[in-house]
Amino acid sequence: MPAKPVVKRLPARRGLFAGFKGNVDAITIGLKYLVDPKRFTLIYPNEYIKLDPGYRGFIVLDPKKCIHCSSCARICPAAAMRMIKRMEEDPKTGKPKMKLWPVINYQRCIFCGYCVDVCPTEALYTVPYHDIVYENMAEMDWSLETFVKPPEHPTAKEGIPVKYIVDEEKGLVKVRAEEVEEK
Amino acid sequence: MAGIIDLILSIIFYPPIYQLVLVGLTGALVVVIFIIWFERKATARVQRRLGPYHISPRLAGLPQLVADLIRYAFQEVIIPKTVDKELFVLAPIVATVLSILPIAVVPLTSNPAYWPIPMDYSMLVALALTTVSPIFLIVAGWASNNKFSIIGGVREAFVITAYELIAIMSILSASAAVLSFNLVEIVEAQRVWYILLNPIAFLAAFLAVLMATSGFPFEIPESENEVVAGPFTEYSGLLYGLNMGAAYMKRFAFSILMALVFLGGWSPYTPGEGILSGYLIPSLIVVAKATVLMMIFSLTRSIYGRFRLDQALEGAWRLVFPMAVLGFGLALLEAYLGVM
Amino acid sequence: MSVWVYGEQKSELGLEGTITRKLEEDLYEVFIGPQHPGSGHMRIIVRIDGDIIVEADPDMGYVHRTMEKLSEGREWIKNVPLFERMAIHDACNVTVSYVMALERILGIEPPPRAKYLRTLLCEINRIAAHLYGFGIFGVFIGHSTMYMWSFADREVMVELAEKLTGARLTHSYPIPGGARRDMPQDFPQAARKAVRYFRRRLDEYRKIFLDNPVTRKRLEGVGIIPKKIAAELGVVGPVARASGIKYDARLAEPYDAYDEVEFEVPVYEEGDALARAWVKFEEIKQSLRIIEQAVDWLEKHPREAPIHERFWAKAPPLWKKVFEAEGRVKLLPLMANLKLPPGRAMARSETARGEIVYYVESDGKTTPYRVRIVSPSARNAIVFKYIAPGYKVMDLPTIYGSIDYFPPEADR
């Protein structure tokens, strides 16, 4: 069933009390929200959103699964991911061997998640948080050592985890994360 | 030596001065801080936000305004090279002082010992004083030598022509009803508050004060999205703060006047002898009524957008001005029938 | 009015210098923007006579990022996140037609499930973008409550998009051959709740904004674009539909699942700012209908990877496991260096602001030979020049807000 265009008319505004009714309606709505604001502001450093596991946050490497294929570096649209060469001992032969490892530069990363999706062995995964502050640009260029473990999440130490639930009455409702998980 | 102290004391206790200092400056500062906070908080509630919060959440962010005041006070005042320096600096100061001046002439009690001036023509003096300050907003716009400032100043000029007549006529309608320019007599004559006897005049005065103090939907001279900040575009620091404060000061002065004329002044209290009963309590009642009025004024921000300049003027001349005339006629009728 | 060329100099390229006109007497020239609270990333040079606009020159290009040229140096799929940056709050609508063009060159058709998923995100984006537009419009005419409300309610849609794609704004959702994720299990319930919430909420919007006498007075009869002029200027989207032109890319050439879902395209004939606001308002309602239908369809049909066979047939078991567990569609490593056969394709889609057209040409390499984008805001910007003169200075924000001009999209 394709769409159909429908010509509509602007609601008419005639009559002596049209303006009066409009004013009364607007003021009523305003006062309604003055009494019950239904707000869902996140008081950020004190509370933080505990995001769903599917959220595309910081990307971390699981070195055990990595097969050094460079797919992630090839697909990265922002050239944030790159491969570095590293001499490592081969566990089988015991001889040093050149290996390629991905590292990521968070100055450039746009969190599109292509690398995670393209990784053939699921060696890359995202952590569901996004709010990490760096003091300088150099810190954002991660080395392999930083890349293999999830970054620290400082807000989680101080804040209360909350979740937002879509609600019919209020749009979004802010609830404690534990309450949602119990359900 | 004693003579000098006497002189200083006599200046301080000269009624218009202490009224200006006590109610006009201290009172107005406290009320304006409260009102700006209330406006921000109420608007935030309607808009589903928190409003001022982080400076002392326990006080619901009330010290935020004090913090803003301190910030304005210590910010650098930038005076651009192209401006007319003397006028540029003087305009906001004079405008602020003048906008608070009507308070120096209104009675806040029926006890003659605490009247700032002889009350026979106090209504006229107060109304006359309210009309002086807007000139300096135009001066501020002109002295800034900035296109947006000039457009803002011109808009201010247009708006003044629209509201002044309405404000004066609708407030004077009380004089017509009581047949006196004496504010004390007007207050004392209100067995029933004048707002109930003449709601048309009150509504006209309400709208005129909104226009006078750039309240929504008449926030036209400073409308941010067309003329940046109107006459205040070039201002910074304390001078900008003064400009912004001046509108609220003016609203406070008007509100006191309206509280006296329409809301029964110090009723239900009957001022007695002594400074407490004769002055402080009645003046607190008046200020409280004015504050309530200002709280109602500040609710319009969250409900309305702004009118276009010509629409505001058209509305003022075609709708509110006839309303003010009607209110005046009603007042005359009431005077004829002896209602008041 | 004579044309003046400063110093009558011409550069080596044969280009004339800055062309200026001598200002007529009694005209006042105001530069609105680019550093102005009501201009966005653009400048409008307005010449006014008293309070009447005599001339308005939109001066665009302050956020020009050479997107078309940049795209020529990037592999096909990498352009999706790039083009998203034109209008990040409308990400799926803006990129879906690029992806469609690639699919046309590849000669593949995404599976129906992918089509529905894309449609779903497109409509979520459309509502979010309309609310964004409403918010800006509201604050332009001084109605700060509309601004705060629509931005707060936009959060509901952003939340839904986040559930669906894992990102709040730059979803990078469509890929050649399908979509990147299936919806999570709890999505239909949340989407239905959001739809019901918005139905109720729109009534309140109407009361405080559209039917508010002050707003109404401000919008009625401002910036009228008659039908004929609208056609001549070539405006698109809500601007055209408010002038009585029954044109919508979803209508003219139904893409994705738009030929299967039922919805209306609201058209108004007044052509003023109020009609443009109402078109957007009614469109939100229709988008809610589409969201409901898409969610119903997706729930009824079995979960299978929403991507073309070609990219999924040889999928190893691990990928299927990932899809079952997380709904994530794994990409083939060849996606990075996808080679398109030589050819050219055009595709269009209806974004919140109007029709966006992509012309894509491939010469058989891994990068495009040429991508041409015609974005709706660029087509609507002409309204400033031809419609604004004759109205008051205070009408300029109204016109700006009502055509919902978005500089980053226009400048590309």
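Helices here (H or I, at least four residues) and strands (E, at least two) are DSSP runs, numbered from the N terminus. With that in hand, let's start at Arg250(C), which lies in helix α10 (residues 249–252) of chain C. The model is predicted: local features need pLDDT of at least 70, side-chain atom pairs count only at pLDDT 80 or more, and totals for chains, interfaces and linings use all residues. Residues are numbered from 1 along each chain as its sequence is written, chains are lettered from A and ligands numbered from 1 in the order in which they are written, and side-chain values use heavy atoms, with hydrogens and water left out.

**Around Arg250(C)**

- Arg250(C) has a relative accessible area of 2%, so it counts as buried (under 20%, against over 50% for exposed and in between for partly exposed, with a 1.4 Å probe and protein chains only).
- Its side chain joins that of Glu123(C) in a polar contact of 3.4 Å; the term stands for a pair of N or O atoms within 3.5 Å, where within protein one must be able to donate a hydrogen and the other to accept it, and residues adjacent in sequence count only if both atoms are side-chain atoms.
- Beyond four places in sequence, the residues in contact with Arg250(C) include Arg126(C), Tyr258(C), Glu283(C) and Glu350(C) (contact means heavy atoms within 4.5 Å).

**Where chain A meets chain C**

- Here 52 residues of chain A are in contact with 73 residues of chain C.
- Between them the two chains bury about 5,400 Å², 55% of it on carbon and sulfur atoms; this is the accessible area (1.4 Å probe) that two parts lose on being put together, summed over both.
- Chain A and chain C share 11 salt bridges (a side-chain nitrogen of Lys or Arg within 4 Å of a carboxyl oxygen of Asp or Glu).
- Glu204(C) and Lys32(A) meet in a salt bridge through their side chains, at 2.8 Å from N to O.
- On the chain A side, α1(A) gives the largest share, 9 residues.

**Where chain A meets chain B**

- Contacts here involve 15 residues of chain A and 11 residues of chain B.
- The area buried between chain A and chain B is about 1,300 Å², and carbon and sulfur atoms give 61% of it.
- The rule finds 0 salt bridges between chain A and chain B, while 6 residue pairs are in polar contact, both at pLDDT 80 or more.
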